[in-house]
Amino acid sequence: MSGSFPRTRMRRNRLSQWSRCLVAEATLCVTDLIWPVFVEEGQNVESQVPSMPEVSRYSLDLLIPKVKEAARLGIPAVALFPVVPEDLKTQDGKEAYNPNNLMCRAIQAIKQEVPEIGIIGDVALDPYTSHGQDGLVVDEKVINDETVEILCKQACMQAKAGVDMVAPSDMMDGRIAMIRDYLDMNDYKDTQILAYSAKYCSAFYGPFRDAVGSAGNLKGVGKETYQMNPANAKEALREIEMDINEGADVVMVKPGMPYLDIVRCAADNFNVPIFAYQVSGEYAMIKAASNNGWLDYDKVIIESLLAFKRAGATAILSYAAMDVARIIKQNG
Ligand code: PBG
């Protein structure tokens, strides 16, 4: 039911700042943000990602102060992605469950130095495989069940290192139940699982693959046998439902802006927290256009993330999280 003009004038509620605030349906807060970060080997290393202007990969010693700053700004969690040296990448990606790998060392160091921030660990094989796929490859096929066994070990090693939340981002079938059981069996009952449930086979991941150095290894082969077809929405709901049944604490939709219809559907249909990921390509578009003077970065980045909240996302992963936290603080 809505009134009609002239008794109803929609502009009345918009006339002043205070009124616009009070009638706002969605808000974007610093506490909605998760900052994805790339960690690399070495000392005193900061290497910029060319396709993601102003995003860097940091060695651990430089990453710690950045994470401290994120915590100080009020960002609740970081999502860690490792840049694995080429000589540690193998056909079977076994470095993924080495208890002393870069990821586990980063988790331990952040837990020690910045205990108040949440740590989300990516669970997938692509940073560790020489072919860049998220699973084991046999006869040119990415095989499911054997991959899941490795993911269980990987998740367990991260839990042992102190990760708060494991985030399987590979889209293998049945992994959430297997990882949950494996964690429980090893007494990591309180380690949360963030399931990348509706992860689409998207070209918006391009800059991320440059950042972790898997783009070249993939050699043009896609991930469409496991990541979802961008044409499908109902299938996303099925994936989400299955992951909830398997024990996911939180589900994820990814990418974000091109898939906000899926976020909305998920929010309407399920009573679980829903995270959405503003992926590397989305960030790159906004940043590149802003650096060219074509978009107002501060305004566009806030608008883009507010759209996630309006669509029903509980929290948002964004490479712009630190910028956004500062912008929100400035605007009081
Ligand atoms: C792979 C993974 C990807 C991203 C996060 N984890 C890329 C892919 O599936 O190839 C993409 C993130 C982004 O683009 O920002 N497990």
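In this predicted model, aspartate 184 and arginine 180 form a salt bridge, with 3.0 Å between the closest N and O atoms. A salt bridge is defined here as a side-chain nitrogen of Lys or Arg within 4 Å of a carboxyl oxygen of Asp or Glu. The two residues are four apart in helix α5 (residues 175-185), and are therefore separated by about one helical turn. Helices (H or I, at least four residues) and strands (E, at least two) are DSSP runs numbered from the N terminus. Aspartate 184 is partly exposed at 28% relative accessibility, whereas arginine 180 is buried at 11%. The term buried denotes under 20% relative accessible area and exposed over 50%, with partly exposed in between (1.4 Å probe, protein chains only). Residue numbers start from 1 along each chain as its sequence is written. Local features of the predicted model need pLDDT of at least 70, side-chain atom pairs count only at pLDDT 80 or more, and totals for chains, interfaces and linings use all residues, while side-chain values use heavy atoms, with hydrogens and water left out.

Across the whole structure, 17 salt bridges were found. One of the salt bridges joins arginine 105 to glutamate 41, with the closest N and O atoms 2.7 Å apart. Arginine 105 belongs to helix α3 (residues 102-113) and glutamate 41 to the loop between β1 (33-40) and β2 (46-48), so the pair ties together parts that are 64 residues apart in sequence. Both side chains belong to partly exposed residues, arginine 105 at 31% relative accessibility and glutamate 41 at 30%.

Glutamate 54 and lysine 287 also meet through their side chains in a salt bridge, at 3.0 Å from N to O. Glutamate 54 is in the loop between β2 and β3, and lysine 287 is in helix α10 (residues 280-291), so this pair ties together parts that are 233 residues apart in sequence. Glutamate 54 is exposed, with a relative accessibility of 55%, whereas lysine 287 is buried, with a relative accessible area of 4%.

A patch consists of residues with over 30% relative accessible area and no salt bridge, where like charges are joined within 9 Å and nonpolar side chains (Val, Leu, Ile, Met, Phe, Trp, Tyr) within 5 Å. Accessible areas come from the Shrake-Rupley method with a 1.4 Å probe, and for residues only the protein chains shown count as cover. Asp145, Glu146, Glu149 and Asp173 form a negative surface patch, and glutamate 149 is located in helix α4 (residues 144-161). A surface patch of positive charge contains Arg9, Arg11, Arg12 and Arg14; arginine 14 is placed in the segment before α1 (17-22). Lys and Arg count as positive and Asp and Glu as negative, while His and the chain ends are not counted. Each charge is placed at NZ of Lys, CZ of Arg, CG of Asp or CD of Glu.

Serine 59, in strand β3 (residues 56-59), is buried at 0% relative accessibility. A polar atom of the serine 59 side chain lies 3.2 Å from the backbone nitrogen of asparagine 44. Threonine 129 is in the loop between β5 (118-123) and β6 (136-138) and is buried, with a relative accessible area of 0%. Threonine 129 and aspartate 92 are 37 residues apart in sequence, and their C-alpha atoms are 6.2 Å apart in space.

Terms used. Polar contact = N/O pair within 3.5 Å; in protein donor to acceptor, adjacent residues only side chain to side chain.
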